[in-house]
Amino acid sequence: MSLKRTFISAVFVIAAMFPGSVTAQDKLPSKAMGVQPMASVAMPQHVSPGMAVDLENPASYLYPEWSNAYVHNYVDVVLPDSVVISMKGYCMPTDSTRITDTYGYRPRRGRLHLGLDVKVLTGDTIRAAFDGKVRISRYERRGYGHYLVIRHPNGLETVYGHLSRKLVEENDIVHAGDPIGLGGSTGRSTGSHLHFETRVLGNAINPAKMFDFPNQRVKSDYYVYYKNTKEVYYKVRSGDTLIGIALKNETSVANICKLNGISRNATIRAGQTLRVN
Ligand SMILES: [Zn+2]
């Protein structure tokens, strides 16, 4: 079977599994990624067996500070070329197997969906994905609703949104599997679901690359995050031009057009989000 055919049948299988979501997803501009050489990745000390884990300062080798301020407040932080994330000791945040919306950028709607939506009912138990420390426990009326951000020793931060209730407070230490909240539909949400995000130093990663909700397991023991796969977005301001945006973001108009499926002459409007890398 040729590689191309394998790819097409794989796409078909996915499309058959998620008839609704893939139609929005299949036009997604995607950066083709080659296989990354494992040799260049240095295993950090914290993943070595027997290494003591400091839950009071989770992943302090990566995060310069502990702050309860924002979900992604890492503007001045230098992202390493790669981060090895150990998935050991995980717990699925919900036993639901139904994905209701996938991760990704929807150019046509100008919508950036940085998490995975999993169907849960109001009152369903939501559990901590790993051991960690609660960094944010807050309510945001127009966005996440009742939500939590937990920082884990493996370098990951997980976000749990639209909860009906939060069961933990900021700076609480939690263990994988601990009930941390109840499912709901608070904030900008239609219908009860869990909005689940995975981030490294504020950079969102598709949770489906690590967590396989339909099969209730993780995809592998380790996930390696590469800086060069980082997606960059730009919110258009009034007076912006494609050339100006390209210059500002050290990219080309051609690249922006390709990433967003738009032409060079496309009208861009203030407030619209464009992917620029
Ligand atoms: Zn969502």
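## Strand 13 and its pairing partners

In strand 13, His-193 is the bridge partner of Lys-119. This pair belongs to a predicted model. Strand 5 and strand 13 run antiparallel and are joined by four bridges. Strand 13 also pairs with strand 9 in the antiparallel sense, over six bridges, and here Thr-158 has Thr-198 as its bridge partner in strand 13.

Strand 14 is a further antiparallel neighbour, joined to strand 13 by three bridges; Ile-205 in strand 14 stands opposite Thr-198. The hairpin of strand 13 and strand 14 has two residues between the strands, and in this hairpin Leu-201 takes a positive phi near 50°.

## Burial of strand 13

Strand 13 is largely enclosed by the rest of the structure, because eight of its eight residues are buried. Leu-194, Phe-196, Thr-198 and Val-200 point one way from the strand, while His-193, His-195, Glu-197 and Arg-199 point the other way; all are buried.

## The largest nonpolar core

The largest nonpolar core has 40 residues, of which Val-118, Leu-148 and Tyr-160 touch the most other members. The elements that give two or more residues to this core are strand 1 (82-86), strand 5 (116-119), strand 8 (145-151), strand 9 (156-163), strand 13 (193-200), strand 14 (203-205) and strand 17 (222-226).

Leaving aside residues up to four places away in sequence, Val-118 touches Thr-94, Ser-96, Arg-98, Ile-99, Thr-100, His-193, Leu-194, Phe-196 and Phe-213.

Three strands form an open sheet in the order 6-12-10, with antiparallel pairing. Strand 6 (125-127) and strand 10 (165-166) are the edge strands, each pairing on one side only. Three bridges connect strand 6 with strand 12 (residues 179-182) in the antiparallel sense, and Arg-127 stands opposite Pro-179 in strand 12.

## Helix 4 and its surroundings

Ile-256, Leu-259 and Asn-260 are buried in helix 4 (residues 253-260). These residues lie on the same side of helix 4, because they cover an arc of only 85° around the axis. The buried residues of helix 4 pack against helix 3 (242-248) and strand 19 (273-275).

Asn-255 is also found in helix 4, but counts as partly exposed because it has 16 C-beta neighbours inside 10 Å, whereas a buried residue requires 20 or more. The C-alpha atoms of Asn-255 and Val-276 are 7.3 Å apart in space, although the two residues are 21 residues apart in sequence. Just after helix 4, Gly-261 takes a positive phi of about 60°.

Notes: Residues numbered from 1 in each chain as written. Predicted model: local features only at pLDDT ≥ 70, side-chain atom pairs only at ≥ 80, totals over all residues. Buried ≥ 20, exposed ≤ 12 C-beta atoms within 10 Å, placed from the backbone. Arc of directions from axis to C-beta. Contact = placed C-beta atoms within 7 Å. Core = buried A, V, L, I, M, F, W, Y, C linked by C-beta atoms within 7 Å. Pairing = 2+ DSSP bridges.
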